[in-house]
Every structure is written in structure tokens, then in C-alpha cells.
Amino acid sequence: QVQLAESGGGLVQAGGSLRLSCAASGRTFSTSAMGWFRQAPGKEREFVAAISGSSINTYYPDSVKGRFTISRDDAKNTMYLQMSSLKPEDSAVYYCAASHTPFYRSGDFFTSGRYTYWGQGTQVTVSS
């Protein structure tokens, strides 16, 4: 059974940092795309970051570019999201996701519906 489990969320002051982890089990994801999405109350789920298989490419929206860094350790079947300079508007439930097969179109990385596997989410709250 494939499972993704996020950890590392919590409460942090504005300007602070957090590192989220996503541990995968049940299969290896070394060639799969993996990504982070977030959802705040009353808002739609939004793309936060993605990384291709073998860490060849990374993708970020402008809202987090320069502040968040996605990485993966395929030996540990784990993905990370290092978040710095956090803002109150970064508060949300953060979800990790993985694709069943590799993505070959950049647009797929930004699209939640293209991911097959999802974690349960971890809450990040940034206080002002």
C-alpha cells in the first residue's frame, strides 16, 4: 500500500523557518514527480513546489520563489520543503503529492489533478 506521510508542520512566527518532510512507503518514487500543495480555509488548493525525478528540475510559483526550496532524497524515499522568511499568508495545510509515472510536460507539475498519491497534510501556522 502506497503511503505519503508529511511531518514538520507547526506554529512559527513571521520571518521564521520550517522544514517539512514527506516520507513515502509502498513503492519507490525516484522517477516520479513529487510536489507540495497547500490549502488555506476557504481557499482552493494551490501549488507550492515540485521536483522532477532525479531532482533534474524544480518549479515554484512566484509567491514562494526565493523563500522555499524543494528537495528529495531518493535513497530515503523522502521529499523535503525548506521554508524560510515565512509570512502569515503561508499559513495552510500543506500536502505532499507524487505522480504514478514521470511527467514530461512542465504544466503537469503545477496541476494537482496530475498527481496520483497524496499525504494527509500537515498544518503550518505563521503568526504575525
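In this predicted model, M83 is in contact with G16, S17, L18, L20, R67, F68, Y94 and V124, leaving aside its neighbours within four places in sequence. M83 also belongs to the largest nonpolar core, which has 28 residues. Within that core, W36, L81, M83 and Y94 touch the most other members. Seven strands each supply at least two of the core residues: β3 (18-25), β4 (34-39), β5 (46-51), β7 (68-73), β8, β9 (92-98) and β11 (122-127).

Strand β8 spans residues 78-83, and T78 is placed in it. T78 has a relative accessible area of 11%. That value is under 20%, so T78 counts as buried. The side chain of T78 reaches the backbone oxygen of K76, at 2.9 Å. Beyond four places in sequence, the contacts of T78 are S21, C22, A23, R72 and D73.

Strand β9 holds both V93 and A98. Outside the four places on either side in sequence, V93 touches F37, R38, Q39, G121, T122 and Q123. The C-alpha atoms of V93 and V126 are separated by 12 Å. These two residues are 33 residues apart along the chain.

A98 has a relative accessibility of 0%. Buried means under 20%, so A98 is buried. A98 touches L4, F29, A33, M34, Y115, T116 and Y117, not counting residues up to four places away in sequence. Between the C-alpha atoms of A98 and S25 the separation is 11 Å. Along the chain, A98 and S25 are 73 residues apart.

Most residues other than glycine have a negative phi. S55, although not a glycine, has a positive phi of about 55 degrees. S55 is placed in the loop between β5 and β6, the latter covering residues 58-59. Its relative accessible area is 35%. S55 is therefore partly exposed, as this value falls between the 20% and 50% limits.

S85 likewise is not a glycine and has a positive phi, here of about 50 degrees. The loop that holds S85 runs between β8 and β9. S85 has a relative accessible area of 40%. This too falls between 20% and 50%, so S85 is partly exposed.

The largest pocket has a volume of about 190 Å³. Its lining comprises 16 residues. Of these, S52, G53, P102, F103 and F109 lie nearest the centre of the pocket. By class, the lining has 7 nonpolar, 8 polar and 1 charged residues.

Key: Residues numbered from 1 in each chain as written. Predicted model: local features only at pLDDT ≥ 70, side-chain atom pairs only at ≥ 80, totals over all residues. Heavy atoms only, no water. Helix = DSSP H or I, 4+ residues; strand = E, 2+ residues; numbered from the N terminus. Buried < 20%, exposed > 50% of the residue type's maximum accessible area, 1.4 Å probe, protein only. Polar contact = N/O pair within 3.5 Å; in protein donor to acceptor, adjacent residues only side chain to side chain. Contact = heavy atoms within 4.5 Å. Core = buried A, V, L, I, M, F, W, Y, C linked by side-chain atoms within 4.5 Å. 1 Å grid on protein atoms, 1.4 Å probe; cavity = no way out; pocket = protein on both sides within 12 Å on 5 of 7 lines; lining within 4 Å. Points joined across faces, edges and corners; volume = space filled by probe spheres on them. Nonpolar A, V, L, I, M, F, W, Y, C, P; charged D, E, K, R; others polar.
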